[in-house]
Amino acid sequence: MPHRTFISFIWPSALAMILFIALPIVSVAVQSLYIQHEQVIETVKNCGPFGCSESVVVNVEATEKIRAEQPLGRFNGLGTYTNRNHLAFAEIGEAWHDSSNWTVFFAALGNLPFYKALFFTLAYTLVVTPLVLLLGFFIALAVNRLPSIYKGPTIFFSLLPMIVTPLIGSLILFWMIDAKGIIGGSLQLLFDDPDLSLKASPALTWITLFIYGVWHHAPFSFVVFYAGLQTVPKDILESAMIDGANRWQKIYHVVIPHLIPLGVFIALIQLMDNFRVFEPIVGFNASASATSLSWIIYNDLRTGDGTTLFGSAAATSMLTILGVAILLAPVLIRTWRANRRMA
Amino acid sequence: MRIMIAAASLAVMSSTAYAGCGISSGSVRIGGNDFPAIQAVSGAAKACDGGGVSVSVDLNKDHKDRQVAALTANPAQFTTSIINNSALVALMNDGLAQPLDELIAKHGQNLQDMQKVTIDGKVMAVAFMANAQHLFYRKDILDKAGVGVPSTYEEVLAAAKAIKDKGLMDYPIAGTYSGWNLGLEFINMYHGHGGEFFKPGSAEPSVNNAKGIATLNMMKALSGYMNPDFLTYDSNAVQADWEAGNVALTNLWGSRAGAVTDGEGSTSEIESNTMFASAPTVAGQNIPATTLWWDGFAIAKNVSSSDAEATFIAMMNGISPDMAAANVDAAPWLIEGAAPQPTDVGVLASAQGGAKPYPMLPYMGAMHSAASAEIVDFLQGKESAEQALADLEAAYIAAAKEKGFL
């Protein structure tokens, strides 16, 4: 294709990508290097319904003046990245120095908000992604064997978890797993333990969130695999049958190799999605036991009462992008090599 | 078509009949938190709608998270923001509220002095109700357990133990122990211990001390009598548990007192035995372990002076003695002529007991957020109280540095 044609085809989407993807990321990156100006504080007398007291307030005019001179704030370099609420280099150094063994060191690491969130985010990504792939694949195989009149309704119902808004889905499950809810109550009966509560212990909360993640994402993987199953070449399956392959051998030697590119695609999308896990933590009110990188960003931006931390949120966003890039690197490199071989 | 015109003219006529409040023109846009007392106030202000004046009301339970952005816009999205002591600080930090002295001189004759929230000599907000977390107790359960009404947290623990030992309830205590609420419970209890959050005259934190440790230990002792899911409980969940009759003791908002005795969502046995008292004291100190809050309104800086005046008049109509008389149970009103109701007992007793107001410091929000996040590990038994307090201070310092307070 001549360059001219290529450019005239690509420019609208290139422009949209620059405007809506590249520029916002650059702006967030710049934001993450700055912190707010020093606030000019003064002592004043406050009176209200409960009496008078000496208190301090921000001198808005003076602060406004400093702000007008340097609207971005104070340059802080990578200070926000390395502070205690993010990568916490100083605290890690200390913990490394003080810890006698790995367990103590990891406990100290898990006590820092960023690493605590990173542990959960990674665990969620690495547990949910393979399970979603497996479960979706087996549902697709099962549905594919159904007589055709049942297929339509079955596919529709299998897709429901994905159609339900994540927040609503997690809220419904949140009440069902309550100690007085249907799932929570049944589990108490089943294990004969009246104090069993899925929301109380961090470990059980993690497992609940994992199960929710698999429940919510499996339909996506199912529907992609199901579409892929329709393209498996019939002649190869038939010749495998003639060669005496049983059902599992056919799946293992014919179907799976055929579906691998789709699997890579689902894995890519799921890795990205799961690394940004957020809604279930809010829906399950689980922030006490499980926080994710996205949740930290939300928390920085949404602490009401005027304590919004833009620099902090920006730094965590950049670190999240970095995390996604690292996670995807192996898959991307693989795809790139495969493409080059083909070319 | 003719019918529509007739209906429209009828609508205009009927609205002009109610409109007025003496406002000639202007746009009044009210934004606020969403609970019955504020619904009553904004509803009364809405009655001024019509003629040349438009009054719109937008209430949302997350109002505190949106008000700064809404009032930063020019012209502001809301001409008035219904706020409390903590939310006013957020507006003051960015200079988004305007002084009300002139408007009060012109239209605010029947305000009481205590309603005027004065900062550095200027009235920045008008308060109309008080609020505080205080003790809710079930009289029948305490009687069956053979204990009196607890006035200290040590007695609360003893009462809970008696209730549990007698098999009356599995989890006699409930608390608002999730997220922002948990931070506030810490602040309440630390106040009750007589603690100071900051080193005098600075924004340096000072919670990692014996009082802080005692505060955390008391919270953990209380949580031992709570539903194992206590870290997911907010005010709505506590109210639901209370109305279901699962709880005998809790420290809940005064603005919920009406809601748990309103004849809805519970049985008459539970409602008739639901009583209110001052927040308990703790550790031999003499002030109730709670913080006092007021709710009021501030007027946005980024609005025209005619809109500001129209808003002030409409809000004065909203917080009129008539409104308070028509909604006596909705809140402990600070409005002239509003007589205290049985549901106000807890807030009034806490205030008379000398409970402190929630600190109006520009950096209190950062302290509150840090407390909400960092004491969870201790309550889950994953770390010591000293470690939790050290984490709290470290998280606060990182945030306060970024905000430019340190």
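Strand S2 of chain A, residues 41-48, is joined to strand S4 of chain B by two bridges. The two strands run antiparallel. Strands count as paired if DSSP finds at least two bridges between them. Asn46(A) stands opposite Ile119(B) in S4(B). Helices (H or I, at least four residues) and strands (E, at least two) are DSSP runs, numbered from the N terminus.

This is a predicted model, in which local features need pLDDT of at least 70 and side-chain atom pairs count only at pLDDT 80 or more, while totals for chains, interfaces and linings use all residues. Residues are numbered from 1 along each chain as its sequence is written, and chains are lettered from A and ligands numbered from 1 in the order in which they are written.

## The side of chain B that touches chain A

Chain B puts 52 residues in contact with 43 residues of chain A. Contact means that the C-beta atoms of two residues, placed from the backbone, lie within 7 Å. Several elements of chain B each supply at least two residues to this side, among them helix H3 (63-72), strand S4 (116-119), strand S5 (122-138) and helix H17 (385-403). H17(B) gives the largest share, eight residues.

By class, this side of chain B has 28 nonpolar, 13 polar and 11 charged residues. Ala, Val, Leu, Ile, Met, Phe, Trp, Tyr, Cys and Pro count as nonpolar, Asp, Glu, Lys and Arg as charged, and the others, Gly among them, as polar.

## Helix pairs in chain B

H15(B) and H17(B) cross at roughly 140 degrees, and their axes come within 8 Å. Axes are lines fitted to C-alpha atoms, for helices over the stretch in contact, and angles run from 0 to 180 degrees between N-to-C directions. The two helices H15(B) and H17(B) are therefore oblique to each other. Angles under 35 degrees count as roughly parallel, over 145 as roughly antiparallel, 65 to 115 as roughly perpendicular and the rest as oblique. The crossing of H15(B) and H17(B) is right-handed. A crossing is right-handed if the near helix is turned clockwise from the far one by less than a right angle, and left-handed if anticlockwise. Residues that meet include Ala366(B) and Met367(B) in H15(B), and Ala388(B) and Leu392(B) in H17(B). The contact divides into 11 nonpolar, one polar and three charged residues.

Helix H8 (179-192) and helix H9 (210-223) of chain B come within 9 Å at their axes and cross at roughly 120 degrees. H8(B) and H9(B) are therefore oblique too. Their crossing is right-handed. Phe186(B) and Met189(B) are among the contact residues of H8(B), and Thr215(B) and Met218(B) among those of H9(B).

## A helix pair in chain A

Helix H11 (234-242) and helix H12 (247-275) of chain A pack at about 145 degrees, with axes 10 Å apart. H11(A) passes H12(A) in a right-handed crossing. Ile236(A), Leu237(A) and Ala240(A) of H11(A) make the contact with Lys250(A), His253(A) and Val254(A) of H12(A).

## Backbone details

Asn74(B) and Pro75(B) are joined by a cis peptide bond, with omega about 0 degrees. Pro75(B) is in the loop between H3 and strand S3 (80-84) of chain B. In chain A, Ala88(A) has a positive phi of about 50 degrees, although it is not a glycine.

## Confidence

The predictor gives the complex an ipTM of 0.80 and a pTM of 0.84. Over residues 1-19 of chain B the pLDDT is below 50. Where pLDDT is low, the predicted coordinates should not be read in detail.

Terms used
pLDDT is the predictor's confidence in each residue, from 0 to 100.
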